Amino acid sequence: MQEYLIRVVQVHPSFRKAELEALATYAGIEIEFVAYSEDSPFCIVRLPSDDAARALISRSVLSAAIYELWGSGSTYEDLHTSITERTQSRWPAYKNDSFRFSVDSFQGKRSNSQQREIIDTFRYMGFEGPIRMKDPDLHLTIFEHFEMHTPEPHAIYLGRHIADSGRRAIVKYDLKKRCYISTTSMDSELALVSANMALAGPGKLFFDPFAGTGSFPVACAHFGAMALGADIDGRSIRGKAGKDVLSNFKQYGLMDKCLDNCISDLTNTPLRKARWLDGIICDPPYGVREGLKVLGRKDEGGKEAVIIDGQYAHLREGFIPPKKPYSFEAMLDDIMEFATDMLVDEGRLSMWMPTANDEDIELAIPTHPYLEIISVCIQPFNKWSRRLLTYRRIPDALVDKTASWTKREFGNGVHADELNSFRRRYFQGFKGADEGEDPSTPVSASAAIDQAAADKISELSISEDATQPSK
């Protein structure tokens, strides 16, 4: 096992390690984390070989590149000592190769003259080949980690460049360049990360039951998986002005990875109930803009066929199927049950779920005896957050047979606030009961509008690459 330094990006810190672990699982690579902190862009791991390092980093979205670690220290004197002890025997092999040095300073800045002075301190390594700034045989990078407002770095590393990551894909799939999107389309960065967490890849079949404009199916197709999507809102699937979900697949040359898209909801899916899906990846609607609904009638009627002018009503052009209110918590249970029934052994479910930042009123992470939680990654907003929950389907033979699971009952409310505690708390500003608020009591319409407007202002302060948080 050799030590490697991974230069991770300083966004979505709670996702970075989980993504690397998922990619190691996908590639069948043994990985050991030697040093990792959410506050640092430098992650040190142990891997079997350079080939393993390339395989690990090639799909990563939250990393920039991977380097073989040649030395580390708190000062340049310590760094030079470490480099000599670790790699001196290897210098002759690179003596006549083309090479370059570069300096990467985090939370600090070096002028060009300072960088040259630093690079000159490595002359003792004896490289005599030509200096080539583009595609050299040997690319060594000096990494400096400064504390805020300090004149000197507290940690320094030297790494031999092995490979760049797959992060450039976020530019290719940028929503600003995509032909068909909506206000709830997941941004390309997090869509690709979600696909990585679910282990999307060639020869696998992935499904998104809340596909919308197809951000997740497109991300899965990018990694080679066959993609299938569904959505209760037929307008999302059919599109408008000649643009629809298929337009996105065509734009990126991924039509050979698109199986189809259908109009359905999770509780009335047309998919054959059997364990044939390799992955399920979804961002369920939160029911904030409007209450959640599923197909059906509130009075449970309408099951008999209706014929108009000799034609079934549901087959007539312009037919809009009736919908009834739906509980958000019940939807989470339905997703867990659906994943249990449909995923192959070791198949993965990656699901986004909103919650309050106050742990006293946050929504509990759903569980199921047939699904093991792999990771919980958090994207914070103002007064709430959303979590990317990743599960694996446990083989039946390994399931704890003493564990039982029953879908929870959430009452028969008819209003959105009665059926969706997150929506209710969202419009209450996530005030707890100890602040004089009854969490079961809906707030007035005017208060809800005021809170929604305040949260919309908060959304605008998020980086422009972030997805719309209210869904």
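## A buried tryptophan and its ring partner

W70 has a relative accessible area of 0% and is therefore buried, a term that stands for under 20% relative accessible area, with exposed meaning over 50% and partly exposed in between, for a 1.4 Å probe and protein chains only. The model is a predicted one, in which local features need pLDDT of at least 70 and side-chain atom pairs count only at pLDDT 80 or more, while totals for chains, interfaces and linings use all residues. Residues are numbered from 1 along each chain as its sequence is written, and side-chain values use heavy atoms, with hydrogens and water left out.

Rings of Phe, Tyr and Trp (for Trp the six-membered ring) are paired if their centres lie within 6.5 Å, and planes under 30 degrees apart count as stacked, over 60 as edge-to-face and the rest as tilted. By this rule the count comes to 14 aromatic pairs. One of them joins W70 and Y94 in a tilted arrangement, with 5.8 Å centre to centre and 55° between the planes. Because W70 belongs to strand β4 (residues 63-73) and Y94 to the loop between α3 (76-87) and β5 (99-106), the pair ties together parts that are 24 residues apart in sequence. Helices (H or I, at least four residues) and strands (E, at least two) are DSSP runs, numbered from the N terminus. Y94 also counts as buried, at 14% relative accessibility.

## A second pair and a ring cluster

The rings of F99 and F127 have centres 5.6 Å apart and planes at 50°, so this pair is tilted. F99 lies in strand β5 and F127 in the loop between α4 (112-120) and β6 (138-145), so that distant parts of the chain, 28 residues apart, are linked. F99 is buried at 11% relative accessibility, and F127 is buried at 14%. Ring pairs also join W91, F99, F101, F122, Y124 and F127 into a cluster.

## The seven-stranded sheet

An open sheet of seven strands runs in the order β10-β9-β8-β11-β16-β18-β17, with mixed pairing, where two strands pair if DSSP finds at least two bridges between them. Its edge strands are β10 (258-263) and β17 (371-380), each pairing on one side only. Neighbouring strands are turned by 15° against each other on average, direction ignored; axes are lines fitted to C-alpha atoms, for helices over the stretch in contact, and angles run from 0 to 180 degrees between N-to-C directions.

Strand β11 (residues 277-282) has five of its six residues buried, so β11 is largely enclosed by the rest of the structure. Two bridges join β11 to the parallel strand β8 (residues 205-208), and F206 has G279 as its bridge partner. With β16 (residues 343-356), β11 pairs in the parallel sense over five bridges, among them the one between I281 and S350. Strands β17 and β18 (residues 384-393) pair in the antiparallel sense over nine bridges.

## Helix α6 on the sheet

Helix α1 (residues 13-27) lies across β16, β17 and β18, at about 145° to β17. Helix α6 packs on the sheet, touching β11, β16, β17 and β18, and its direction makes about 140° with that of β16; contact means heavy atoms within 4.5 Å. In α6 (residues 188-197), 10 of the 10 residues are buried, so this helix is largely enclosed by the rest of the structure.

At the start of α6, a side-chain oxygen of D187 comes to within 3.1 Å of the backbone nitrogen of E189. L199, which follows α6, has a positive phi, near 65°.

Key: A polar contact is a pair of N or O atoms within 3.5 Å; within protein, one must be able to donate a hydrogen and the other to accept it, and residues adjacent in sequence count only if both atoms are side-chain atoms.
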